[in-house]
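Thank you for making the time this morning.

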Amino acid sequence: MLREVTELNTAGQETPREEKEFTRSGPHFSDRITADGRDGWPVEAGRYRLVVSRACPWANRALISRRLLGLEPALSLAVTDPIQDERSWRFTLDKGDRDPVLGIAFLSEAYDARGKEYPGGVSVPAIVDVPSGKLVTNDFQRLTLDFATQWTALHRKGAPDLYPEEHRDEIDEVMEGVYQDVNNGVYLAGFAKHQHTYEDAYRALFARLDRLSERLATRRYLVGDTITEADIRLFTTLVRFDAVYNGHFKCNRNKLSEDRVLWGYVRDLFQTPGFGDTVDFDHIKRHYYQVHTAVNPTRIVPLGPDLSVWTTPHGREELGGRPFGDGTPPGPVPPGEEVPEGGRAR
């Protein structure tokens, strides 16, 4: 999920080191699964397995894209325990504490099968080649773009275009600002080791959120009049904001629920099929509050916030827009992939 220079070990727990600031490592395994198989990994139904933690915002992107595009029959899903140990993300939610398809107990086993001595730790989302058991990619930035553009032969009928060619330059520009100041910005603030570093990240975060709020005051979605990759990337941070980032990461100028525009926007997306049905608040809170022991040494998990607010009216329909463009909503969540009742907004 992330790497700190303090730094996070393979369990996602802080290892004492020199008081250096947080940095995010890039993907070590950046092969792409493409229609033409240029990296040796052709798009093929049933060949690959997507490994995620429902706690992780980067993995949540992949979950949403997979749902919206209808890739569930083609790309199987493995969900890890939100709490890691020193051996990495673990499959303790499955019978026998092993993934039933890959047969492994820890995601690190797929990384080791691909190559030893990899930097950056064991991260999700990850795609594993089922026949060989080897990791294919942990490139969280590229993975969902390839879902949208390379896996088209396996998209469901009525799948939306999440990365429309005519809007790609604008989408890329918006996503870059969201990544630097929001997606990554909450971590820069939360893991800051010095006051000035925290304050810089805090100010950049809220300045960006203010600009996004202004942008979304008169338009339903970030780019064009349909949901795109840009909305997915912003959503996964916003949906976690009040539950963890506001308090746990000290991003506390205001709660998201106190910003009328962003609060309406994120509830609009949450109530859209493919978004809220991928979010597990129980996994989110237990991971952040119990794994980041330098930030929360007591490991106490807060009971709030009230999840019932996520299903309240948002009023964003008045802005128009077509959530799925010329496409249709995804169908029901496949059996066995539902978010457990304890993590759902009710």
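Before the first number, a word on a term: a pocket here is an open set of grid points with protein on both sides within 12 Å along at least five of seven lines, and its volume is the space filled by probe spheres set on those points. Please also keep in mind that this is a predicted model.

With that in hand, the largest pocket has a volume of about 250 Å³. Its lining is made up of 14 residues, and those nearest the centre of the pocket are Arg 54, Val 79, Leu 93, Asp 94 and Gly 336. Strand S2, which covers residues 76–79, gives the most to this lining, with three residues. If we sort the lining of the largest pocket by class, we find six nonpolar, two polar and six charged residues.

Which helix supplies the largest share of the lining of the second largest cavity? That share, four residues, comes from helix H3, residues 140–149. By class, the lining of this second largest cavity has five nonpolar, two polar and five charged residues.

Next, the helix packing, where I will keep returning to helix H6. Two packed helices are described by the angle between their axes and the distance between the axes. Helix H6, residues 195–216, packs against helix H9, residues 260–270, at an angle of about 70°, and their axes are 8 Å apart. Since angles of 65 to 115 degrees count as roughly perpendicular, that makes H6 roughly perpendicular to H9. On the H6 side the contact is made by Leu 209, Leu 212, Ser 213 and Leu 216, while H9 brings Val 261, Leu 262 and Tyr 265. This contact of H6 with H9 has six nonpolar residues, one polar residue and no charged ones.

Helix H6 also meets helix H4, residues 168–183, and here the axes come within 8 Å and cross at roughly 145°. Among the residues that meet are Val 174, Val 178 and Asp 181 in H4, and Leu 205, Arg 208 and Leu 212 in H6. By class, the contact of H4 with H6 has seven nonpolar, one polar and five charged residues.

Now for some details of the backbone. Most residues other than glycine have a negative phi, and most peptide bonds are trans. Against that background, the bond between Val 124 and Pro 125 is cis, with omega about 5°, and Pro 125 lies in the loop between helix H2 and strand S3. A cis peptide bond also runs from Gly 304 to Pro 305, with omega near -5°, and Pro 305 lies in the segment after helix H10. Ser 88 has a positive phi, near 110°, and is placed in the loop between S2 and H2.

Finally, how far should we trust these coordinates? The chain averages a pLDDT of 93, and 94% of the residues score at least 70. Over residues 1–17, however, the pLDDT is below 50, although this stretch has 65 contacts in the model beyond near neighbours in sequence. Where pLDDT is low, the predicted coordinates should not be read in detail.

How values were computed. Residues numbered from 1 in each chain as written. Predicted model: local features only at pLDDT ≥ 70, side-chain atom pairs only at ≥ 80, totals over all residues. Heavy atoms only, no water. Helix = DSSP H or I, 4+ residues; strand = E, 2+ residues; numbered from the N terminus. Nonpolar A, V, L, I, M, F, W, Y, C, P; charged D, E, K, R; others polar. Axes fitted to C-alpha atoms, helices over the stretch in contact; angles between N-to-C directions. Parallel < 35°, antiparallel > 145°, perpendicular 65-115°, else oblique. Contact = heavy atoms within 4.5 Å. 1 Å grid on protein atoms, 1.4 Å probe; cavity = no way out; pocket = protein on both sides within 12 Å on 5 of 7 lines; lining within 4 Å. pLDDT = per-residue confidence, 0-100.
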